[in-house]
2 protein chains.
Amino acid sequence: MLNMRPVSDDDLTARARIRDVAMALFAEQGVKATTIRAIADAAGVSPGLVQHHFGSKEELRQACDEHVLSYIREQVTEGITDHNLERPEFVEAVRRTAPPLMKYLGRALVDGSPAAAAMFDELVSVTAANLARGDHSDADHRARATVLTAMKLGITVLHEHVSRALGTDLYGPQGALRVGQAQLDLIRPEFVGLELHERARTGLDKFGEQR
Amino acid sequence: MLNMRPVSDDDLTARARIRDVAMALFAEQGVKATTIRAIADAAGVSPGLVQHHFGSKEELRQACDEHVLSYIREQVTEGITDHNLERPEFVEAVRRTAPPLMKYLGRALVDGSPAAAAMFDELVSVTAANLARGDHSDADHRARATVLTAMKLGITVLHEHVSRALGTDLYGPQGALRVGQAQLDLIRPEFVGLELHERARTGLDKFGEQR
DNA sequence: CGGCTTCCAATACAGCCGTATAGCATGTTG
DNA sequence: CAACATGCTATACGGCTGTATTGGAAGCCG
């Protein structure tokens, strides 16, 4: 035993394949509308194997939750804490790997996943602390942080409509650039954090010049 | 014949009751997860009656779509075009009647309703025209309008999380006030339209003083 | 009053869903 | 080599879902 998960984490084991396919289908159609048989079919395995690896549909869903949460925490750490936002190759790497996970997160927020709700609350708390740090007035930081979080995630949740209205895939290179810049244009810089705003702006500009 | 829909439109006929209950359940759980039997149960009628009035689940869903769309168009006309945004009783009236319909709209946007998609596109077009009217530069008005629309609707779609993070119901009097003001704080006024921004701000303030 | 339409409930049914079970290779362990 | 754990498939089953059908009650019209 203990032989599971042979080498790395993003390999092509059947288990990982099932999880990835499930995330994509859950994101597109919702959890309830996605059948285990459809997942198995898309992953090229039998329905029984899905159950073998994850026990039940609900447990499969939780596995998807945990996977996307750990990924996002990782990227946020690398991007913000480790000051990688200015590096175009980092922005490009995220743009390539993140889409399926972001789409799943958007759906999970609406489908009532506890893990997604927890992530939302965490984002609000971090944002509220950021706002309070830059503005010591008695403004309603909690409400501002909540609205800011919901607005940003709203773009993720409504990615399909955003892409259609834009005429370009939100998660394509041009779409991400246009939406990112529009966000920076629309929101008052002091609420993104002046420093973070500047870093994001320059990172986005560099990324735009590269193409 | 021709006796259907006796007097007004918002009466308590079984047909209207079924539609309203369906909208609430669709909004809470999604269309696929909501059964016709559950709708009939909540409306106090037999499952057969649901089919009698709407034919099929899909047609019931379309009826919900049309109902919410006509309502929203009506309120937007009264609020913006007829300059009612400053009147606190108008804001209060909307706050009382809109919630179930807004919740349904939020779900419809994610569940892939064609009608909701059309409304999104329409909102983007109107917003883009507004932006272009106030700014003749070669800025990316289309992207800004799309992002602005998605962010605003994002609050609706994520109302459950917003309410939880706020500690108050988004559609309660205090919640609507706090979120409305936070939105006006966060977004650069010129993108709401300077005049509209001012009107919304004063309307919100009056509404806040009243309580 | 007889006929017709509308509103509604009860029952029936075919299909699909999640899941339990049994079985078969493969390769690892003791 | 024997025993066993693992990755996987095939089949079966109970329950639920959408919907078709049937029939009855109430009200209008001629």
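This is a predicted model: local features need pLDDT of at least 70, side-chain atom pairs count only at pLDDT 80 or more; totals for chains, interfaces and linings use all residues.

Modeller: Happy to. Residues are numbered from 1 along each chain as its sequence is written, chains are lettered from A and ligands numbered from 1 in the order in which they are written, and side-chain values use heavy atoms, with hydrogens and water left out.

With a relative accessible area of 0%, B:L158 is buried. B:L158 sits in the loop between α8 (141-157) and α9 of chain B; helices here are DSSP runs (H or I, at least four residues; strands are E, at least two), numbered from the N terminus. What does B:L158 touch, once residues up to four places away in sequence are not counted? Its partners are A:L109, A:V110, A:F120, A:A150, A:L153, A:G154 and A:V157, where contact means heavy atoms within 4.5 Å. Within chain B, the C-alpha atoms of B:L158 and B:K103 are 9.1 Å apart, although 55 residues separate the two in sequence.

Leaving aside neighbours within four places in sequence, B:S163 is in contact with B:T168, B:D169 and B:L170.

Helix α5 (residues 88-97) of chain B has buried residues too, namely B:P88, B:F90, B:V91, B:E92 and B:R95. Among the elements that cover them are α4 (57-81), α6 (99-111), α10 (173-186) and α12 (194-209) of chain B.

The loop between α4 and α5 of chain B carries B:H83. Its phi is positive, about 55°, although B:H83 is not a glycine. Most residues other than glycine have a negative phi. B:H83 counts as partly exposed at 45% relative accessibility. In chain A, the loop between α4 (57-81) and α5 (88-111) holds A:H83. Phi of A:H83 is near 55°, again a positive value in a residue other than glycine, and at 46% relative accessibility A:H83 counts as partly exposed.

Now follow α4(B) to its packing with helix α1 (residues 14-29) of chain B. Their axes, which are lines fitted to C-alpha atoms, for helices over the stretch in contact, are 10 Å apart and meet at an angle of about 95° (angles run from 0 to 180 degrees between N-to-C directions). The two helices are therefore roughly perpendicular; that label covers 65 to 115 degrees, with under 35 roughly parallel, over 145 roughly antiparallel and the rest oblique. From α1(B), B:R19, B:D20, B:A22, B:M23 and B:F26 meet B:K57, B:L60, B:R61, B:A63, B:C64 and B:H67 of α4(B). The residues of this contact divide into six nonpolar, one polar and four charged (Ala, Val, Leu, Ile, Met, Phe, Trp, Tyr, Cys and Pro count as nonpolar, Asp, Glu, Lys and Arg as charged, and the others, Gly among them, as polar).

B:I36 is partly exposed, at 28%. Apart from neighbours within four places in sequence, B:I36 is in contact with B:P47, B:V50 and B:K57. Its C-alpha atom is separated by 39 Å from that of B:T81, 45 residues apart along the chain.

In chain A, helix α1 (residues 14-29) and helix α2 (residues 36-43) have axes that come within 9 Å and cross at roughly 125°. That makes α1(A) and α2(A) oblique to each other. A:R17, A:I18, A:V21, A:A22, A:L25 and A:F26 in α1(A) meet A:A38, A:I39, A:A42 and A:A43 in α2(A). This contact has nine nonpolar residues, no polar ones and one charged.

Finally, the UniProt record (unreviewed entry) annotates residues 12-72 of chain A as "domain: HTH tetR-type"; such annotations may be inferred rather than shown by experiment, with feature names shortened and positions in the numbering used here. Residues 12-72 of chain A are 79% helix and 0% strand, with end C-alpha atoms 21 Å apart. UniProt also places a "DNA-binding region" (unreviewed entry) at residues 35-54 of chain A, a span that is 80% helix and 0% strand, with its end C-alpha atoms 14 Å apart.

Key: Buried means under 20% relative accessible area, exposed over 50%, partly exposed in between (1.4 Å probe, protein chains only).
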